[in-house]
Amino acid sequence: MRVARIALPLPKPRLFDYLVEDRDGLSVGLCARVPFGPGEKTGVIVALDPADAMSHDKLKPLRELLIDVPPLPGPWLAMAEFAARYYQHPLGEVIATALPPGLKRAVRLPREDDPLLAATAEGRAALAAAKKLTRALAAVSLVSSAGPMRRSAMLEQLDEGAATGLRDARNKGWLEVVAVSGDVAMLDAMALNPQQAAAVAAMSASLGRFESFLLHGITGSGKTEVYLQLIAATLGQGKSALMLVPEIGLTPQLLERVAGRFPGARLVSLHSGLADGARSRGFVQALRGEVDIVLGTRLSVFAPLPNLGLIVVDEEHDASFKQQEGLRYSARDMAVWRARNEGIPIVLGSATPSLESWLHADAGRYTRLSLTQRAVAEAPPSVRLIDTRRIKLDQGLSPHLVEALRERLERREQSLVFLNRRGYAPVITCPTCNWVSACKHCSANMVFHQADAILRCHHCGAEERVPRTCPDCGSHDVHAFGRGTQRLEERLGEYFPTARILRVDRDSVKTPAQWAAVRSQIDSGEVDILIGTQMLAKGHDFPRLTLVGIVGSDASLYSSDYRAPERLFQQLMQVAGRAGRAELPGEVLIQTEFVDHPLFRHLASQDFPGFAAMQLGERKQAGFPPYSYHAVLRAEAPELKEAVEFLRITRMAAQMITTETSLPVRLFDPVPMRLVRRARLERAQLVIEADSRAMLQTLLTSWVMGLHAMRLPRDLRWHLDVDPGDL
Ligand code: ADP
Ligand code: ZN
Ligand code: ZN
């Protein structure tokens, strides 16, 4: 017998020991079912020790070893252990996050093969004779034009009900299995332009060893084409590739594009929208080494690929790579760690990289490659600023924007009104002299708490009364942002009663099917004016879109969240990139009280490097990331004072550690959060700041151990967020 040390999905930073029979195939990394309390749990064996007489007395035997599926490979477990360490999260919960929920059942699924299918002569004849495209014929049609294709790739490209159609077609003898030649060549490789070719050459040269590349390429510069050719090179070496995309970026179009280019490759897509069964199946296939390409959202960074040769992270700046609950990991950062650990190259691509990655490239830790030209020539849109200090807005709309919309309607072109409605905590400003309610004790901007009419610093906890007049120039027009756009949509309808107006945001579009319906409405020209938020900014082409109006972006220029300008610039670059085609030039109208803000100047000249240099300068001066490292402890309880009291006590504990070890780590005061109440709980947070990751980690490791050991008030919950996305 042996002692199996098992990571179970429990909020405790410890392993649980069970007895296990020493049998063939017993190994670290296997999943096991174990008795636990009155029930049972499933976990993963992370260590195997010899059993002595004592353990025989004390330990229970485990119930079942899930031996049908290969053990999770060593590098995979190392990655989970790293995540547990770095994010200060129990290993069992890390593993539970990384494993698909239906794994237990999936391992019992019969092994499903993924044959290469081709159309037979009968199939082609049936297709030619048919009046109506049945599902079976749709499958035949796909391979008769594209050539032999993997079953999985066909399923990605066909509509719902494809599995039945495929089966029918095979039963009828319209499809046949052809031998796999072993090479998964790419179809239709494009002749690359010199910049693309240089990027592919540089990155291919590093296959087989670790190197981080930052591929900075404007929208439409052909980044995806570069990824595809790199993937081809990776598959050519007999290795698999992992490509991460933002949540909203994983569209059927992208899947089709990849499947269409690599018809012989075994492709799996992984995202949280999949049914448990499909997600588990993809995971198990990957683990068995039966997958060539995994394409997925952040959770697919945990896809077990025994033979991984390349990682691509597209739109690497995207906030959806950071998980906002449970294990608060950054899939981008984990991907870089994974690439280093497995000795393979990683490509981070974006038109507007995160400042973290940009600084890494400045410092030479990442190799920067730039694509500065659009692959298909198009003029960049012109950017015009509308000074809203001097005009009266009507439900957030300026007469200029209304006029511009009218022109587009007359010319039968499309417009997009982009509402920046992120729940940024509002600060108080004076548009007359650009005064901002900055904190006197640190560099953060203070947040306006309407409920108690107070300004509060979410960084250090300082409080102040809201001034009636501007402290700098005496103007009476000091105010918070975000007024008056509530009825914007209705008001547009009143201005343009015959226009077809469509709102696209997370409330109106929730499922991929709804999204597909919206897209086809837009593409077929059934929409005149789109009203949208972030969702519309990302990688979608709108052929007749010539006007983008931007409303409500000022709150991001001066926000308490130091990342807000970076996010705003990213969004505006993306959304501006949607406007205009060669024959229909685009225009971007921005309504703002701050027409002189340098962010707009960099936007107008499409100058990301200039913007990044400016922002990094400000961050450096203020001592914000990426020049410092943050962790936030958040607590929630039925009453705010309990949450604050808990944070106060834990802060003292942290203080003791930092004094003892003389760690130069800054501990700020607990602050109530602006949205204090959520789900009948009240929330507060405590910010910790350090000059180096290592120092922060040293403190967190001993501090969090203490937190786990604390006896908590019954209704109090806490969590730690390392490298938080927002403060
Ligand atoms: P990005 O990912 O940077 O936005 P894409 O790779 O999607 O850009 O390319 C934008 C468009 O340009 C696509 O339609 C693509 O097919 C086309 N394209 C990319 N590279 C080339 C090339 N070398 N030659 C011709 N067209 C290209
Ligand atoms: Zn002023
Ligand atoms: Zn402060």
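In this predicted model, Leu355, Trp358 and Leu359 of helix α14 meet Ala612, Gln615, Leu616 and Arg619 of helix α22. Sorted by class, the residues of this contact are five nonpolar, one polar and one charged. Helix α14 covers residues 355-362, and α22 covers residues 608-622. Their axes come within 11 Å and cross at roughly 95°. An angle from 65 to 115 degrees counts as roughly perpendicular, so α14 and α22 are roughly perpendicular to each other.

In general, strands of a sheet pair through backbone hydrogen bonds. Here, three bridges join β20 to β21, which spans residues 454-456. These two strands run antiparallel. Across this pair, valine 447 stands opposite arginine 456 of β21.

An unreviewed UniProt entry lists Cys439, Cys442, Cys457 and Cys460 under "binding site". The four are spread over 22 residues of sequence, yet they cluster in space. The largest C-alpha distance among them is 8.7 Å.

Cysteine 439 is placed in the loop between β19 (435-436) and β20. Within 10 Å it has 21 other C-beta atoms. The threshold for a buried residue is 20 or more, so cysteine 439 is buried. Neighbours within four places in sequence were left aside when its contacts were listed. The contacts of cysteine 439 are then Ala444, Asn445, Met446, Cys457, His459, Cys460 and Ala462.

Cysteine 457 lies in the loop between β21 and β22. It has 25 C-beta neighbours inside 10 Å and therefore counts as buried. With neighbours within four places in sequence again left aside, cysteine 457 is in contact with Cys439, His441, Cys442, Ala444, Met446 and Ala462.

How values were computed. Residues are numbered from 1 along each chain as its sequence is written. Chains are lettered from A and ligands numbered from 1 in the order in which they are written. This is a predicted model: local features need pLDDT of at least 70, side-chain atom pairs count only at pLDDT 80 or more; totals for chains, interfaces and linings use all residues. Two strands pair if DSSP finds at least two bridges between them. Helices (H or I, at least four residues) and strands (E, at least two) are DSSP runs, numbered from the N terminus. Axes are lines fitted to C-alpha atoms, for helices over the stretch in contact, and angles run from 0 to 180 degrees between N-to-C directions. Angles under 35 degrees count as roughly parallel, over 145 as roughly antiparallel, 65 to 115 as roughly perpendicular and the rest as oblique. Two residues are in contact if their C-beta atoms, placed from the backbone, lie within 7 Å. Ala, Val, Leu, Ile, Met, Phe, Trp, Tyr, Cys and Pro count as nonpolar, Asp, Glu, Lys and Arg as charged, and the others, Gly among them, as polar. UniProt positions are given in the numbering used here, feature names are shortened, and annotations may be inferred rather than shown by experiment. A residue is buried if 20 or more other C-beta atoms lie within 10 Å of its own, exposed if 12 or fewer, and partly exposed in between; C-beta atoms are placed from the backbone.
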